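Here is a short tour of one protein chain. Keep the sequence and the 3D view open as you read.

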Amino acid sequence: MAKMKSAYFCQSCGYETPKWLGKCPSCSEWNSFVEEVVSTSKKEVVAFSSSSGRTAKPQKLGDIETRKEERIQLQDKELNRVLGNGLVPGSLVLFGGEPGIGKSTLLLQMAVAEKKSILYVSGEESDQQIRMRAERIGNTNQECYILTETNVQNIFKQAELLEPDILIIDSIQTIFSQHIESSPGSISQIRECTAALLRFAKQTETPVFLIGHITKEGSLAGPKVLEHMVDAVLQFEGDRNHVYRLLRSIKNRFGSTNELGIYEMLGNGLRQVENPSEILISDSDTSLSGVSIAATLEGLRPMLIEIQALVSTAAYGTPQRSATGFDLRRLNMLLAVMEKRCGFKLAAKDVFLNIAGGIKVDDPAIDLAVVAAILSSNFDISVERNICLSAEVGLAGEIRPVNRIDQRIHEAQKLGFDKIIISKHNKGIDQKNFKIEIISCSRIEEVLKELFA
């Protein structure tokens, strides 16, 4: 009979200790230890084992044959881009996001759109609920199998019989192994079930998607080792009050982590946004003060975004600084540069900044557009709608160059802009190669003359 004992696990990093500790010695978190029952029997926790019996042998680095990794091309182009131009066979992908943001909808939508055998395992919804959602988003794949199961051993039995091309687990916090005495969602269960799914993915070369819950701080629930075990971590984010959702790659062993996928939440599912510049720029014909257009990059994708600013006299003596979608500390830095280097008195005024569309941008190339929007609102003079800006602003008030400026110029030209203001120090830019007028400036004062003269 198995001997039972209890141990304490850190809910943040998974550190194990035989007694309760106030502070975790591994990750320094306070009050993060929870008691769990563990088994000390000789029976190993092996949820999946391959019958091939292969044993790995050491090889010289030069003797290892390299081959091009064949990727599975999905119908969802945005998901393809974020994964690194396709899904790698045998990869384990962790998919996180806030409740109700659309994680299950996106993966079920992907499952019904593919012409492959897909096993969708749900531990949170019934068969009827999934069928209703599939009918709402368009049920077209007859090879999409639904399994409502939480026991990982039963999941592997069905997977061995079906041999699906893709396995989807919704969610990893609801899956449990019968060899672990703790409850589903605990550190032990998440770690062991993920390890079993990882063995299944590598030995059968079946891609596995794991949907993961997040904590109130926004991090993925479970031990930190969960993110280390998987091949890719995708974060689905967005404001629930906006219709747009962003899919970012936090970790990717097979591609870049700078890619971004954009979706629009509709009544019949998520729509891929192939040209985000058109949705992030308003179609208003009237010229309004405090609005400017910036050319930015998200990964390899150029896009134009709308910067909105409001500058008003502080009504309560203490001026307010507020930024939505932009780093507040960088906003304070730009305000200090405008006051110190350019002589604009903004210390006694409220400044509010917003990036339209509910997205968050950390590209320094939008600095100049932020400055233009703030000064436009301060002067109450509108910036022409056919002008966009792309440059970084330094602490001395100089206009600094940004990388891959040619892609930004091409994007502005494609959307019909007549002028773009860039740094004078950008090299290799020939006006003859572009139809759009390129204006090069080296100081903020030169930009003001172009915009408000």
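## Aspartate 406

At 36% relative accessibility, aspartate 406 counts as partly exposed. Aspartate 406 sits in helix H10, which covers residues 405–414. Helices (H or I, at least four residues) and strands (E, at least two) are DSSP runs, numbered from the N terminus.

Which residues does aspartate 406 contact, leaving aside its neighbours within four places in sequence? They are Ile429 and Phe434. Contact means heavy atoms within 4.5 Å. Now look at proline 302. It is 104 residues from aspartate 406 along the chain, yet their C-alpha atoms are separated by 10.0 Å.

## How to read the model

This is a predicted model: local features need pLDDT of at least 70, side-chain atom pairs count only at pLDDT 80 or more, and totals for chains, interfaces and linings use all residues. Residues are numbered from 1 along each chain as its sequence is written, and side-chain values use heavy atoms, with hydrogens and water left out.

## The whole protein

The protein has 11 helices and 21 strands. Its C-alpha atoms fill a box of roughly 85 × 55 × 50 Å, taken along the principal axes. Of its 453 residues, 48% count as buried. Take the contacts between residues at least 6 apart in sequence: 67% of them join residues at least 24 apart.

The protein exposes about 22700 Å², and carbon and sulfur atoms supply 48% of that area. Accessible areas come from the Shrake-Rupley method with a 1.4 Å probe; for residues, only the protein chains shown count as cover.

## Charges and a surface patch

The protein has 53 positive and 57 negative side chains. The centres of the two sets lie 5 Å apart. Lys and Arg count as positive and Asp and Glu as negative, while His and the chain ends are not counted. Each charge is placed at NZ of Lys, CZ of Arg, CG of Asp or CD of Glu.

Where does negative charge gather on the surface? Find the patch made by Glu384, Asp418, Glu437, Glu446 and Glu450. Patches are made of residues with over 30% relative accessible area and no salt bridge; like charges are joined within 9 Å, and nonpolar side chains (Val, Leu, Ile, Met, Phe, Trp, Tyr) within 5 Å. Glutamate 437 belongs to strand E21, residues 437–441. Its relative accessible area is 40%, so it is partly exposed.

## Salt bridges

How many salt bridges does a search of the whole structure find? The search finds 18. A salt bridge is a side-chain nitrogen of Lys or Arg within 4 Å of a carboxyl oxygen of Asp or Glu. Arginine 248 forms one with glutamate 237, and the closest N and O atoms are 2.5 Å apart. Arginine 248 lies in strand E10 (residues 244–252) and glutamate 237 in strand E9 (residues 232–237), so the pair ties together parts that are 11 residues apart in sequence.

Arginine 330 pairs with aspartate 367, with closest N and O atoms 2.6 Å apart. This pair links distant parts of the chain: arginine 330 is in helix H8 (residues 328–341) and aspartate 367 in helix H9 (residues 367–379), 37 residues apart. Elsewhere, Glu78, Arg81 and Arg301 are linked in a network of salt bridges.

## Loops and backbone angles

Most residues other than glycine have a negative phi, and most peptide bonds are trans. Asparagine 85 has a positive phi of about 70°, although it is not a glycine. Asparagine 85 lies in the loop between H1 and E4 and is exposed, with a relative accessible area of 52%. Arginine 404 also has a positive phi, of about 50°. Its loop runs between strand E19 (399–400) and H10.

Now turn to a peptide bond. The one from aspartate 170 to serine 171 is cis, with omega near 5°. Serine 171 is in the loop between strand E7 (166–170) and helix H5 (187–204).

Methods
Buried means under 20% relative accessible area, exposed over 50%, partly exposed in between (1.4 Å probe, protein chains only).
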